[in-house]
Amino acid sequence: MPQNMKKYYICTYQKCINIIMKIHISLLGKEPLPCYYAIREYKADRIYLLGTSDNKEIAEAICRFLFKKGKKVSFESVIPYDPSDIIQACEKIHQAFPQAECLYNLTGGTKVMSFAAYAIAMKHKADAIYISQENKMVSMRTFETRPFDCSLGIEEIFELHGQQLSRQEEVTSDKEQAVECSLIIKNFIINHPKLYRKLQQKNFVNSSSLCLKKIKGGGCIIESEGTPLFCIDHPNSSLLLFKGRWWEILVADAITRWKKKQNYTFSVYKNVVFKPRSLKGQKITSEPKNEIDLLINIGNKLIFVECKSGTVTQEDIYKLNSVRHTYGGGMSRAVLISFYPLNDILKEKANENHIRIYARNHIAEQCDFLNRLSDFLESILSVRNI
């Protein structure tokens, strides 16, 4: 056999011989991404996931994802606080592949699991690694630290969490017309808050004091006592004016300008709709039930952004946290960007639910509100906050 030809194992009556393989043994925690980063980096011939009954669904999602890529992967449930059980599981793998090159990923699992797996790794002179929050790979044998590529597409991140996307649109830059119309709407709301609230009433009827006229092409004009106060020429003027889309457009525009100024290469998406799985992760519902205004993929984590142009309630806080946890996992971030100030109770609820708030401190604060969004987003991207 030529020297450069890869040798694969041969199994006869469960006894493996002629093994020159790379085996990856990963302890599973609550998050699938640290597990997958090492799997992708190491490119093993065979992968073993060791976890507990609590993270079986995570293991199933990773296995489904890797099976599609043609990988050989197995999951074995262990007792989280019984070192003998994890030792037995690891030794079983070494016995099956006595000459294999093994790598342990100790990022997940309990401390007891990590110590037990580390002991077996050192016994067999195998390398063991840990994935840090700074996206660095630490060798537990040599204690050398090196960066690695941890960039993933949103489809990959969602699938590794056992979820799927139904629809999303990548934001490059919103059309100038949409941004200009949204700025006009914002200024109208600031200068005429009482008139805007009156327009939003379900029983609103045109009168001489306040009149809303539609114009050809989908635009609209607002007049008071015959004097034009507002005019936008946009095919979706009603959507912009009454459904809060104007605020989403302005926030997306601010994020895009910040991204371009800093030369960031990550992706921003709008109109994101999820196709959630059932609670057990077995079945996908046919009708989307959840959505988010903006989604930022910084490569290794997702930032869920909800834009609120009106009243914010505790229910909005709970919903955003649920979306973040369900579709992005504990490593993702959630941000609520509100046009109006939030009271202390809502701020406290947001903090309890791990949601960052960006809102005006008081109703009169207007001038550079969105211009300062870049500083807030930079704090989200900083290592200690990510």
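**View 1. The hairpin of E15 and E16 in this predicted model.** Four residues lie between the two strands of this hairpin. Gly-299 takes a positive phi there, near 105 degrees. E15 and strand E16 (residues 302-308) are antiparallel, and four bridges pair them. Asn-297 faces Leu-302 of E16 across the pairing.

**View 2. Strand E15 and its pairing with E14.** Strand E14 (residues 267-275) runs antiparallel to E15, joined by seven bridges. Lys-270 stands opposite Leu-294 in E15. Strand E15 spans residues 290-297; six of its eight residues are buried, so the strand is largely enclosed by the rest of the structure.

**View 3. An open sheet of seven strands.** The order is E5-E4-E3-E6-E7-E8-E9, with mixed pairing. Strand E5 (73-77) and strand E9 (145-147) form the edges, each pairing on one side only. From one strand to the next, the twist averages 25 degrees.

**View 4. Strands E4 and E5, with helix H2 packed on the sheet.** Strand E4 (residues 46-51) runs parallel to E5, and five bridges join the two. Leu-49 stands opposite Phe-75 in E5. Helix H2 (residues 56-68) touches E4 and E5. The direction of H2 makes about 170 degrees with that of E5.

**View 5. The aromatic pair of Trp-246 and Trp-247.** The model holds 15 aromatic pairs. Here the rings of Trp-246 and Trp-247 are tilted, with 5.5 Å centre to centre and 55 degrees between the planes. Trp-246 has a relative accessible area of 0%, so it counts as buried. Trp-247 is also buried, because its relative accessibility is 0%.

**View 6. The aromatic pair of Trp-258 and Phe-266.** This pair is tilted as well. The ring centres are 5.7 Å apart, and the planes make an angle of 45 degrees. Both residues, Trp-258 and Phe-266, are buried.

**View 7. A cluster of four aromatic residues.** Phe-158, Phe-274, Phe-304 and Tyr-327 are linked by ring pairs.

**View 8. Charged side chains over aromatic rings.** The charged end of Lys-22 sits over the ring of Tyr-42, at 4.5 Å from the ring centre. Arg-360 lies over the face of Phe-339, 4.4 Å from the centre of that ring.

Methods. Residues are numbered from 1 along each chain as its sequence is written. This is a predicted model: local features need pLDDT of at least 70, side-chain atom pairs count only at pLDDT 80 or more; totals for chains, interfaces and linings use all residues. Side-chain values use heavy atoms; hydrogens and water are left out. Two strands pair if DSSP finds at least two bridges between them. Axes are lines fitted to C-alpha atoms, for helices over the stretch in contact, and angles run from 0 to 180 degrees between N-to-C directions. Contact means heavy atoms within 4.5 Å. Rings of Phe, Tyr and Trp (its six-membered ring) pair if their centres lie within 6.5 Å; planes under 30 degrees apart count as stacked, over 60 as edge-to-face and the rest as tilted. Buried means under 20% relative accessible area, exposed over 50%, partly exposed in between (1.4 Å probe, protein chains only). A charge sits over a ring if NZ of Lys or CZ of Arg is within 6 Å of the ring centre and within 35 degrees of the ring normal.
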